[in-house]
Amino acid sequence: MSSSFQAPKGTYDILPATAPTVLAVREAIAAPLRRAGYGYIETPVFEDVKLFSRGVGESTDIVSKEMFTLTKRSDEDLALRPEGTASVLRATLEANLHRIGNLPVKLWYSGSQYRYERPQKGRYRQFWQVGAEAIGAEDPALDAELIILANDAYRSLGLREFRILLNSLGDKQCRPVYRAALQEFLAGLDLDADTVRRAELNPLRVLDDKRPEVQKQLVGAPMLVDYLCEDCKAYHEQVRSILTDAGVAFEDDPKLVRGLDYYTRTTFEFVHDGLGAQSAVGGGGRYDGLSEMIGGPALPSVGWALGVDRTVLALEAEGIELPGPAASDVFAVPLGEQARGVLFRTVTELRRAGVSADIAYGGKGLKAAMKAADRSGARYALVAGERDLAENLVQLKDLTTGDQTPVALDALVTTLKEKLS
RNA sequence: GUGGUCGUAGCUCAAUGGUAGAGCACCGCGCUGUGGUCGCGGUUGCACGGGUUCGAUUCCCGUCGAUCACCCCA
């Protein structure tokens, strides 16, 4: 270990070698959103705990087990955000965005989220999501739009091996009826204590338990599809047909539930099979009741969040290489103190003219400085010593061909801008 | 939170109850005004803490971290 400190458990540093990929992923997800009229929003990384317990749901694992709560000097209870939707909706209500413009209010965000979980590949305590929310409109085209935008974002990155799972969770009319029926069915099964508890709090969650001994018993369980009311059924059919019309392939997954309480009707998940157990790269759905749950007016809404970390893993799994870190165009190699001063001024001038330039620091010898120039990946080396400076020249060496030509110092910026264009 | 596997150099990996080596990388020299190739030389490490032992990198325990699965989800 080269340092006595290390990144906290479940966190990692995004280093220059991989940073371009991370930035490219964020940008690839953001671009389709901007083109679709979504405005950027940033909210605090911490909020009142109650926003999450009421919004995300007291019975969810996210709130009951995975919340990063903060200790402070006052008596307010704060927690690091475990997801973005509740905060974005809170900000919307606080700023009355739903009153000053046309509905829906379309917003997107990009930022870190925090969950106190046992880390494993693709699951971290601090992770990044880019999310989108369309607040205040009930329209199947809006649900479909978001799924299409996420699909297009992934495709623009070159990803092909992901699947879209789609389901409807019903609304406040039909879901309670189903919930009761399911609970009755689950009560007759042989389940462990944790699962029995879950069956009481959030019975739908039991459906996507991966354990074979649980799945075996679920054969013949009442399915939500059979309980959907006419409105929900019609709504879901429209979402499906708009997606099909847009050429977006999806799979109906009647067991797709998701872990947040606020979802109603449309839910969906983007899964990638190359990631191991943590296969969801993104997910979302409609949350028609959330606004009221946190004290706002009725604002039917829909949104998603895509995991930046997992998308990077998906790219790796598919062997997709995004452009690496950009190298400087020019690397200056000074010979002696006088040249060091002149070349430093030249490098500054080049940078101001829009040419990316670096210089050998630390009084390296010529050989070492040339080596540094080579390793920097720069296209050109700029070599100068007293001999050249006496004639107001610098040596411009093309590092790919090895050709070297003298260039007048005051013509350098123009010459380089020409060569690099 | 539960269970399994793992932790030796910057990286990939060896060996060993008597305090460690290779390849690549890095630095220097050959070439004192020129990188990439080549030759020669050199630098860097037993995750942390405790126990057993004459002696522990090796055996045992704990901690930390990684990893896989469960759980959960992005």
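Student: Which residues does Pro82 touch, not counting residues up to four places away in sequence?

Tutor: Pro82 touches Phe52, Ile62, Met67, Gln113, Tyr114, Arg115 and Phe127, where contact means heavy atoms within 4.5 Å. This is a predicted model, in which local features need pLDDT of at least 70 and side-chain atom pairs count only at pLDDT 80 or more, while totals for chains, interfaces and linings use all residues. Residues are numbered from 1 along each chain as its sequence is written, and side-chain values use heavy atoms, with hydrogens and water left out.

Student: Why is Pro82 called buried?

Tutor: Buried means under 20% relative accessible area, with exposed over 50% and partly exposed in between, for a 1.4 Å probe and protein chains only. Pro82 has a relative accessible area of 0%, and therefore it counts as buried. Pro82 is found in the loop between β4 (78-80) and α4 (85-94), where helices (H or I, at least four residues) and strands (E, at least two) are DSSP runs, numbered from the N terminus.

Student: Why does Thr195 count as buried?

Tutor: The relative accessibility of Thr195 is 0%, so Thr195 counts as buried. Thr195 lies in helix α8 (residues 193-201) and, leaving aside residues up to four places away in sequence, touches Val206, Asp209 and Arg211.

Student: What makes a set of residues a nonpolar core?

Tutor: A nonpolar core is a set of buried Ala, Val, Leu, Ile, Met, Phe, Trp, Tyr and Cys residues joined through side-chain atoms within 4.5 Å. The largest such core here has 47 residues, and those touching the most other members are Leu33, Tyr38, Ile147, Leu243, Phe270 and Trp304. Helix α6 gives the most to this core, with nine residues. A second, separate core of 44 residues includes Val105, Leu182, Leu207 and Cys232.

Student: Which strands stand at the edges of the open sheet of five strands, and why are they called edges?

Tutor: The order of this sheet is β13-β12-β14-β15-β16, with mixed pairing, and two strands pair if DSSP finds at least two bridges between them. β13 (357-359) and β16 (404-408) each have a single partner strand, so one side of each is left without a neighbour in the sheet.

Note on methods. Chains are lettered from A and ligands numbered from 1 in the order in which they are written.
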